[in-house]
Amino acid sequence: MTTPMSHPLPANAVFLPAGVTGLPDGAVQSVQRCAACGQLLSPLDAAPDCPTCGGLLEIIHRAPVDEFDAPLSANAIKHRFSQHCCALPMGHASGVWRFESIVMPGAGDAIVSHPEGNTPLLSRPAISRYTGCDGLLIKHEGHNPTGSFKDRGMTVGTTQAVRIGASAVACASTGNTSAALASYAAQAGIPGLVFVPAGKIALGKLAQTLSYGARTLLVKGDFDECLRLVQQAARELGIYLLNSINPWRIEGQKTIVFELLQQLGWNAPDFIVLPAGNLGNTAAFGKALREAKELGLITKVPRLVSVQAAGAAPFARAFREDFATRYTVQAETIATAIRIGDPASWDRAVRAIRETDGVVISATDDEIIDAKVTIDGAGVGCEPASAASVAGVRQLVREGIIRASDTVVAVLTGHVLKDPGMLVELHQRADYARANRPIEIEATVSAVEGVLRATRGSAS
Ligand code: F0G
């Protein structure tokens, strides 16, 4: 169903202005708008992108109102969010659905929730010391049900699939999106199809996707080719696309920011640092901050820092040239989750970086591994791509952009068990100084004693 209709919604409208008329059918609480040409679509339109110009769609909501239809004050909105933290039925206590009014208002019975979110904000002296930033906090998205932040977007994307009656859902993925899609599609009872680059996704993610029952296509090509293929397949075969170009995915991922702001008592940090690949999350964070500022939930806007892997860093390169050129690269990095050379959410992410006085940098594979071994060794653990955020904080402290006293939230995007293959290999390497090599012993107490003596010796 495509019901395009133009409307002079101001290009800078963060929420639907009061009294606006002439919106597409069904656009009472939200509307889809093409970020490129301004085309408006019904919130129940399944088009993967703008039917007029092919631009990416974004969701514009009405600002939250009370039962008399009057706009809520910032304090009333905060109060509503905290009440939902312990709400019944369980749906609203989800770290995504307690923000329903600014994510997908009126989703009601269609909601497909695990629940998800409610991830911890950690402070770990060993990681703070490593980065040189005393005020470092870790938002650990690996604590989501399928072990990555993708669950936040997928609960909303799958709910939309239910609302529009999708017959099948699909995505291209470096692994985490596919695991999340497989899980949520199974819960919704909708067939799921995932396109992943053959031989280039981490073992844990492949195992999850197979277990949850999605049809898993190992494509002979990289992620960028998988994405082109799934977009074409969605268009020609009528499958509902659940990549992060889907604007509802972005709405779900915004809640990482709303939740961390809520955890900080709505005192915005100085920086929010995250790993970046396809740039959906960078775009989502920018949108969340724009909305939080507009609603008066925060007074100061944190600076966003997107960190790419050096072998997959077209966005970081463009940032250094004030985004004059949109680059693509042949991506290569050990951080397979962000092995992406042609990021889809480019324009949205440029806006996020510009609006937040943000920074885009890259970290080499060695820097990513070093940060990861530190995070793992602190007992926190994360997958390789996630460690790019901590590597990025360390780099910016050294460059004097982040000060030791700044409040910085670094997002860890995925769980340590996502990539066991890389870890087992790393810790068996004879040439890696920080390897925690497993020790084979005879089944005797004296052998154990020998190991204990050597361990104590090396610790003293
Ligand atoms: N960290 C992890 C663990 C990821 O899985 C991804 C993306 C990112 C960071 C980057 O986020 O793409 O929004 O900039 N993974 C996608 C996937 C591409 O298919 O799972 P982004």
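I count a molecule as sitting in one if more than half of its atoms lie within 2 Å of the cavity's grid points. I also keep in mind that this is a predicted model.

**Entry 1**

Which cavity does the ligand take up? I looked it up, and the space taken by the ligand is the largest cavity. The elements giving two or more residues to the shell around the ligand are α4 (176-188) and α9 (280-294). I get about 310 Å³ of space for the largest cavity, and the structure holds three cavities of 30 Å³ or more.

I found 26 residues lining the largest cavity, with F149, K150, N278, A337 and I338 nearest its centre. α4, α7 and α9 each supply at least two residues of that lining. By class I have ten nonpolar, 13 polar and three charged residues there.

**Entry 1: the shell and its contacts**

How many residues surround the ligand? I count 19, and the closest are S173, T174, G277, N278 and T413. Sorted by class, the shell has seven nonpolar, ten polar and two charged residues.

On the backbone side, a polar atom of N278 is 2.7 Å from an oxygen atom of the ligand, and a backbone N or O atom of T174 lies 2.8 Å from a ligand oxygen. On the side-chain side, I see K150 with an N or O atom 3.1 Å from a nitrogen atom of the ligand. I also checked burial: the ligand taken alone exposes 470 Å², and the protein buries 99% of that.

**Entry 2: the largest pocket**

I moved on to the open spaces. The largest pocket comes out at about 640 Å³. I list 34 residues in its lining, and G55, L56, A344, D347 and R348 lie nearest the centre. Which elements give two or more residues to this lining? My list reads β1 (30-34), β3 (57-61), α6 (223-237), α7 (247-253), α9 and α11 (346-355). The classes here are 17 nonpolar, four polar and 13 charged residues.

I note that α7 and α9 turn up in this pocket's list and also in the lining of the largest cavity.

Most residues other than glycine have a negative phi, and most peptide bonds are trans, so I went looking for exceptions. I found a cis peptide bond joining H114 and P115, with omega about 5 degrees. Where is P115? I place P115 in the loop between α1 (74-85) and β4 (121-122). N118 lies in the loop between α1 and β4 too, and I read its phi as near 55 degrees, a positive value in a residue other than glycine.

Note on methods
Residues are numbered from 1 along each chain as its sequence is written. This is a predicted model: local features need pLDDT of at least 70, side-chain atom pairs count only at pLDDT 80 or more; totals for chains, interfaces and linings use all residues. Side-chain values use heavy atoms; hydrogens and water are left out. A residue is near a molecule or strand if one of its heavy atoms lies within 4 Å of it. A polar contact is a pair of N or O atoms within 3.5 Å; within protein, one must be able to donate a hydrogen and the other to accept it, and residues adjacent in sequence count only if both atoms are side-chain atoms. Accessible areas come from the Shrake-Rupley method with a 1.4 Å probe; for residues, only the protein chains shown count as cover. On a 1 Å grid over the protein atoms alone, a cavity is a set of points where a 1.4 Å probe fits but cannot get out, and a pocket is an open set with protein on both sides within 12 Å along at least five of seven lines; lining residues have an atom within 4 Å of a point. Helices (H or I, at least four residues) and strands (E, at least two) are DSSP runs, numbered from the N terminus. Ala, Val, Leu, Ile, Met, Phe, Trp, Tyr, Cys and Pro count as nonpolar, Asp, Glu, Lys and Arg as charged, and the others, Gly among them, as polar. Grid points are joined across faces, edges and corners, and a volume is the space filled by probe spheres set on the points.
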